[in-house]
Amino acid sequence: GSATSMAVGYVKVNWDLSGELALGIFSAVDAGSLFLMHFTGNIWACYAGYLVFKACYMLLITIATFQIAVNLSMERYALMFGFNNFVALVIQTILTVVVVDAKGLGLDISTQFLIYGSYFTVIAGIFLIRSIYTIISIKCR
């Protein structure tokens, strides 16, 4: 994960044009990794899926953070990233209580992979639709 995050700094990409496309692609890879872990019984395939998921997720977070930071002034960094971390923690807690906790759905591990894979599929769809719209609108100008 850290190696992929470091690689972002060395890749020459127009992030304004293809940042959301990259977020969509890596979200789709994350979804595929989670679906692999749901649908396979092979432990080695699950380990490989986890490694791919973790590397892509770290890259996804790095790109998303970069996309947010580009549009901020220095004075707003702490407020924005503090708020983002707080909201992420709240969403993660709610999702964990609903999906994992016995008071919620109390789902088994395999079903959790299916739920989280579906979550990443929706996120990938949103990013891909938005990036296609952005690319088409820029190319049509």
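1. Let us start with one residue, in a model that is predicted. Tyrosine 47 has a relative accessible area of 48%, so this residue counts as partly exposed. Keep tyrosine 47 in view, because its ring pairs with the ring of tryptophan 44: the two centres are 5.7 Å apart and the planes stand at 50 degrees, which makes the pair tilted. Tryptophan 44 itself, at 65% relative accessibility, is exposed.

2. Where do tryptophan 44 and tyrosine 47 lie? Both belong to helix α3, which covers residues 43-70. They are 3 residues apart there, about one turn of the helix.

3. Next, a second pair of rings. Tyrosine 119 and phenylalanine 120 have ring centres 5.6 Å apart, and their planes make an angle of 85 degrees, so this pair is edge-to-face.

4. A search of the whole structure gives 6 aromatic pairs.

5. Now for the overall picture. The protein has 5 helices and 0 strands, and from the N terminus on its elements run α-α-α-α-α. The C-alpha trace spans about 50 × 30 × 30 Å along the principal axes. Of the 141 residues, 25% count as buried. Among contacts with a separation of 6 or more, residues 24 or more positions apart account for 63%.

6. How do the helices pack? Two packed helices are described by the angle between their axes and the distance between the axes. For helix α4 (residues 77-99) and helix α5 (residues 109-140), the angle is about 140 degrees and the axes are 11 Å apart. The two helices are therefore oblique to each other, and α4 passes α5 in a right-handed crossing. On the α4 side, Leu95, Thr96 and Val99 make the contact, and on the α5 side the partners are Gln112, Ile115 and Tyr116.

7. Helix α4 has another neighbour to look at. The axes of α3 and α4 come within 11 Å and cross at roughly 145 degrees. This crossing, too, is right-handed. Which residues meet here? From α3 they are Thr65, Ile68 and Ala69, and from α4 they are Tyr77, Met80, Phe81 and Asn84.

8. With a relative accessible area of 0%, serine 27 is buried. Leaving aside residues up to four places away in sequence, serine 27 touches Leu60, Phe120, Ile123, Ala124 and Phe127.

9. Serine 118 is found in helix α5 and is partly exposed, at 33% relative accessibility, whereas serine 27 is buried. Serine 118 and valine 100 are 18 residues apart in sequence, and their C-alpha atoms are 16 Å apart in space.

10. Compare that with alanine 3, in helix α1 (residues 2-8). Alanine 3 and leucine 59 are separated by 56 residues in sequence, yet their C-alpha atoms are 8.9 Å apart. Is alanine 3 buried or exposed? Its relative accessible area is 59%, so alanine 3 is exposed.

11. Finally, the cysteines. A disulfide is a covalent bond between the sulfur atoms of two cysteines. How many disulfides does the model contain? The count comes to 0. Cysteine 56, for example, is in no disulfide: the nearest cysteine sulfur belongs to cysteine 46 and is 16 Å away. A disulfide requires the sulfur atoms to be within 2.5 Å. Cysteine 56 is buried, with a relative accessible area of 11%, while cysteine 140 is exposed at 65% relative accessibility.

Methods
Residues are numbered from 1 along each chain as its sequence is written. This is a predicted model: local features need pLDDT of at least 70, side-chain atom pairs count only at pLDDT 80 or more; totals for chains, interfaces and linings use all residues. Side-chain values use heavy atoms; hydrogens and water are left out. Rings of Phe, Tyr and Trp (its six-membered ring) pair if their centres lie within 6.5 Å; planes under 30 degrees apart count as stacked, over 60 as edge-to-face and the rest as tilted. Helices (H or I, at least four residues) and strands (E, at least two) are DSSP runs, numbered from the N terminus. Buried means under 20% relative accessible area, exposed over 50%, partly exposed in between (1.4 Å probe, protein chains only). Axes are lines fitted to C-alpha atoms, for helices over the stretch in contact, and angles run from 0 to 180 degrees between N-to-C directions. Angles under 35 degrees count as roughly parallel, over 145 as roughly antiparallel, 65 to 115 as roughly perpendicular and the rest as oblique. A crossing is left-handed if the near helix is turned anticlockwise from the far one by less than a right angle, and right-handed if clockwise. Contact means heavy atoms within 4.5 Å.
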